[in-house]
2 protein chains.
Amino acid sequence: MESIDYLAEERKKAEFNVDEMKIVWAGSRRAFEVSDYISKLVADDPDLSFIFIECHRGIQGFSKEERTMLPRKELFKNTLRKSAYSWKHIIDHQLSEEEAERLRYFVDEPAFIDSHLGVFIPAIKGQGTKEQLKKWLPLAYKMQIIGCYAQTELGHGSNVQGLETTATFDPRTDEFVIHSPTLTSSKWWPGGLGKVSTHAIVYARLITDGKDHGINGFIVQLRSLEDHKPLPGITVGDIGTKFGNGAYNTMDNGVLRFDHVRIPRDQMLMRVAQVTKDGKYVQSDVPRQLLYESMVYTRQALVTYASGALSRAVCIATRYSAVRRQFGSQNGGQEIQVIDYKTQQSRLFPLLASAYAFRFVGEWLKWFYTDVTQRLQANDFSTLPELHATTAGIKSLTTTATADGIEECRKLCGGHGYLCSSGLPELYAVYVPACTFEGDNVVLLLQVARFLMKTVSQLSSGKKPTGTIAYMGKIEHLMQCRSDVEQAKDWLKPSAILEAFEARATRMSVACAQSLSKFDNPEEGFQELAPDLVEAALAHCQLIVVSKFIEKLQQDIPGEGIKQQLEVLCCIYALFLLHKHHGDFLVTGYITSKQGLFANEQLRALYTQVRPNAVSLADAFNHTDHFLGSILGRYDGNVYPKLYEAAWKDPLNESDVPDGFDEYIRPLLKQQLQTARL
Amino acid sequence: MESIDYLAEERKKAEFNVDEMKIVWAGSRRAFEVSDYISKLVADDPDLSFIFIECHRGIQGFSKEERTMLPRKELFKNTLRKSAYSWKHIIDHQLSEEEAERLRYFVDEPAFIDSHLGVFIPAIKGQGTKEQLKKWLPLAYKMQIIGCYAQTELGHGSNVQGLETTATFDPRTDEFVIHSPTLTSSKWWPGGLGKVSTHAIVYARLITDGKDHGINGFIVQLRSLEDHKPLPGITVGDIGTKFGNGAYNTMDNGVLRFDHVRIPRDQMLMRVAQVTKDGKYVQSDVPRQLLYESMVYTRQALVTYASGALSRAVCIATRYSAVRRQFGSQNGGQEIQVIDYKTQQSRLFPLLASAYAFRFVGEWLKWFYTDVTQRLQANDFSTLPELHATTAGIKSLTTTATADGIEECRKLCGGHGYLCSSGLPELYAVYVPACTFEGDNVVLLLQVARFLMKTVSQLSSGKKPTGTIAYMGKIEHLMQCRSDVEQAKDWLKPSAILEAFEARATRMSVACAQSLSKFDNPEEGFQELAPDLVEAALAHCQLIVVSKFIEKLQQDIPGEGIKQQLEVLCCIYALFLLHKHHGDFLVTGYITSKQGLFANEQLRALYTQVRPNAVSLADAFNHTDHFLGSILGRYDGNVYPKLYEAAWKDPLNESDVPDGFDEYIRPLLKQQLQTARL
């Protein structure tokens, strides 16, 4: 098919090698090749001949076109089809675990299969004994059973210790009795639970011999493996429609109640603690910390996903800002490209820079996670608290910024961003729960704050902080120093930026610690000062993102113009934050008003530098048009004809005269309302 | 029906008279009574016996219950029904124009009828000649024709002067030929256009005698009044699905193309300019400024709507924060109410205060609008530029803050806020276009900035600024002065707050003016410094909101405890902004770091003061459960049983085993994918 590239002029302006940047973005040549292969496998799928033979229905292959228009039942049914179809691809193409994960990512539709592979299986792996792994994993890997992770309850979210579901051991039958004692104990939210899962890992209070041993996990079968009907004592269903068109409505987040459901004793996950045949609760010598491993794994993975989601929105907004023109036509010529307006640049380019920043901090976090888990194997728990705090904090920072950033990109597309065909409404709706799940973002920052306060309090005892918190070891200097920036371009020096963020983070933490020390009851103080602590934690996390970007630039990065572009983006990210939070830097006297103005001046100059490269920097994300799912973000920039075409596909346009005309419009026009049936 | 009030304890804590506050919120006793009467008329409607007789279908009366689950066609058809039903109410109950507007507001569903009554009719009134009013208004008032306002085009939004549709006068037939010369000239977005409107006011370039006279309005019939089919030469349809479930998808925003459509010459709206029979373009002596009156009217009305929308979200989040408990259970007792957490308070209470602040500034803006229009009648245009700038700025400030505030309230409800049954996803999706329509919010702030720069530049010439910009007359003092706050409670003084905001706004404007003066080409400077100008404009607008709240408190406000509560809210609003933008106050040296910390300390104390009154302050909005449309925000706080109940109404729960099980799940479980039709 012939096509014109309406963005060709933009692409010619690039001052760097886009193909090389694609590899930097992907993390490695291999990662790029895998993603590129799989994303095209998904995007080009309907053209594969074996699909043509099999598909005779309206919606084919991995198409996302009609998704935002489908009613819930049809939407869900189509997701079931796509999930089976994905699984078939995984088998047919003999995809590796990594490739299979990529495939699900590029299929881009939340489904039960994500809960099964992403949560159910890892939970069994992490919490099951060897015998349990041997029994359950083969069933799960082959999808002979489909499972989900049933933790949260209608009345209980963040506070796992408050769960009400009970698992009472009955020694007479060697069984646990799983029960939902109250309405608020109904399991609520688990993905894949509502309509698909045959099994669940249910978290419940373990009660044996009349004693409550706290929360443990149990494998419970929910549905018949023959007719899929819920088993006796099980009430299960979907919790209802969620935010947005398409979006997470492809997932059967579920509600689940137990009426004295019995399971064999060996379906309690017993790696960390077990119940013996005679009802004794016995803890194993496996460290409890290991239980959190999967939680930490998920959080670090969410950081990479954040950069992915933000990059999609930024790619759409950047391309459309280059296509769209508004005002400024002179002598009847073309209007000005929206991307040339400084107001557009000052909102868009920091997000472009953020996408790259989050990519690199995600890369580093993955390394850190791997490093810590290797230490754990050797019983070295020393870096675990830092990993906990860092994953919590960076998950919070990146997911909040990404959710807000997607909405900002939508607004940067003007009115058309409000159309589902822009892809942005669904991207926002499907992304935003990341701010709440796997730890509410404010609660997570409070965890970071606790880590910071502990670090500060230990400084006087001579304990030397390491890793991401090592800067606190320079506390005396950081509390006193002043920025030595004398002109705008001094802000381009990584050392100037780094010290500014270190000084700010240190001073905010120390100020909180000082305020806390005035309270007799430290916990009361922590509650009272929580909003300030959240701000201090955010300052620490922003420092981490900035410093990891700077560290990345200290590596050898080949490719024409690559490093220069990344340096510009790194400075934009840092100086944008400095400008946004300039009060934090001013309040402690680290910078003067004038130095703040220099930063702003430099930022403007950087926007001008990035401008000719913007479209190509968005191209470097290597998103296919299928994955973007956005007419505004089309690679070829052919926006308006395609918007126009898409409109006619709306169900409302099936007829010129709308359903309901005779009943409700004609009586209005003909003044016959009194006899109309309304 | 018996019901328990789960929030009764909260309501007992109130330190003020809620009924009196309802009147303050409504603006007057009369306004309260009208709103109260109409909102209950809508909310209680299904109980009225005459409805019981007429309604035998699933969805009755003004019910909103299933709205977020309906597929587009059914949703739209139901909106047509509700619109006719609303109109019947308006006739049957002989509602006044004001009451009819209230009814549409409380029916709470965007529909063609809003465009017809809210834009089509006012445009004819504003731009038509007496003869045209006489001909068209009776038809429109009786709904014998239904109209919309067709201005924006596929390629042209903010820049009205860039519209491409042409209206070429043909003197031979005394007609205009309306034509869409390009794809991007397709009319795009007008509400009510897609499926319902029989007529449109079309904005097009008037061409007569080969000369382009710019944009004028024309009344064009689009559809047959008999069978509703589009007339020859007219292509019209819906532009497709928009953001969110339900939300604006009840509106048929439309696309419209003309292929040389002819209309009589007298269908050009000719109040300001006319074309004579022989093709002469003649301007009348009616001032062109009057054309903007309806735009200004709409913008000021949007401010009151902003407070309304924000108050709904705040009401939901406040009530649910009092219902929801999380963590902190001691000795097996109840967990802590989420509203008692300082992190929750520091996010929620500023929004509660904002809702009140926006209410009062909206009230004032309405007065200001009326005052200016009265002056216009007397040919006094002196206050028009200030009205333009103020409505633009306050529209921008309040709609942005409201959209963000609704999302923040949704997040404050935790995971359950993501369910459509919380009411918040739809509220956000339906509200957020207010940031873009009637002037993009950033573009509007740039208009304010132009007004500010003009004011500053005229100061030296001795022109004394008045009204909202009068403070600039004290420029010498405001550029030099320092805050005299010596302790936290000094920030409670209105004079302390006012001077801080005035000094900040003045200094930011002056700084921009100084930077601008360094550019040879002022327009180039304006473009380059646009992001800073936007910030200066926002500072000016925030000052207006703060000062109008303070002025409100200088009035006599009767009722037990009312004034005290409003004083607390006013200080929260102002000090929250001061804390959020503390860099602005610090950078110019108006406050010291210590004074900034005092503000923060005082803010915390104010949160504690407002806490016992929070639920009652939300009650004072007088929202019915029907209008709120939120299970989390139910007046009686009976959240969990109703959430549970609502889940089962989802279409996915129509059967235990989902549609698609046999085709797509069983083959997975039974390892029969190879033979499945996917």
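Analyst: UniProt positions are given here in the numbering of this model, with feature names shortened, and such annotations may be inferred rather than shown by experiment. The model is predicted, so local features need pLDDT of at least 70 and side-chain atom pairs pLDDT 80 or more, while totals for chains, interfaces and linings use all residues. Residues are numbered from 1 along each chain as its sequence is written, chains are lettered from A and ligands numbered from 1 in the order written, and side-chain values use heavy atoms, without hydrogens and water.

User: What makes up residues 494-670 of chain A, helix or strand?

Analyst: The span is 71% helix and 0% strand, and its end C-alpha atoms lie 73 Å apart. Helices (H or I, at least four residues) and strands (E, at least two) are DSSP runs, numbered from the N terminus.

User: Which other stretches of chain A carry a domain annotation?

Analyst: The unreviewed entry in UniProt also lists "domain: Acyl-coenzyme A oxidase N-terminal" at residues 62-146 of chain A. Over residues 62-146 the chain is 71% helix and 0% strand, with end C-alpha atoms 22 Å apart. A further record, "domain: Acyl-CoA oxidase C-alpha1", covers residues 292-453 of chain A. Residues 292-453 are 72% helix and 0% strand, and their end C-alpha atoms are 22 Å apart.

User: What makes B:Glu663 and A:Lys77 a salt bridge?

Analyst: The term requires a side-chain nitrogen of Lys or Arg within 4 Å of a carboxyl oxygen of Asp or Glu. The closest N and O atoms of B:Glu663 and A:Lys77 are 3.4 Å apart, and therefore the pair meets the rule. Between chain B and chain A the count is 16 salt bridges.

User: How do you know that chain B touches chain A, and how many residues take part?

Analyst: Contact means heavy atoms within 4.5 Å, and 140 residues of chain B are in contact with 139 residues of chain A. The buried area (the accessible area, with a 1.4 Å probe, that two parts lose on being put together, summed over both) is about 12,400 Å² between these chains, with carbon and sulfur atoms giving 61%. In chain B, the residues losing the most area to chain A are B:Phe243, B:Tyr418 and B:Leu678, together 7% of what that side buries.

User: Which element gives the largest share of the side of chain B that touches chain A?

Analyst: Helix H5 (residues 72-92) of chain B gives the largest share, 12 residues. By class, the side of chain B that touches chain A has 63 nonpolar, 39 polar and 38 charged residues.

User: How do you know that domain 2 and domain 3 of chain A meet?

Analyst: Domain bounds come from an automatic or database domain assignment, which divides chain A into domain 1 (19-109), domain 2 (146-286) and domain 3 (294-469 + 486-619). The C-alpha centres of domain 2 and domain 3 of chain A lie 38 Å apart, yet 7 residues of domain 2 and 9 residues of domain 3 are in contact. Together these domains bury about 620 Å², of which carbon and sulfur atoms give 72%. A:Phe243, A:Asn245 and A:Tyr248 supply 64% of the area that domain 2 of chain A buries against domain 3 of chain A.

Key. Nonpolar A, V, L, I, M, F, W, Y, C, P; charged D, E, K, R; others polar.
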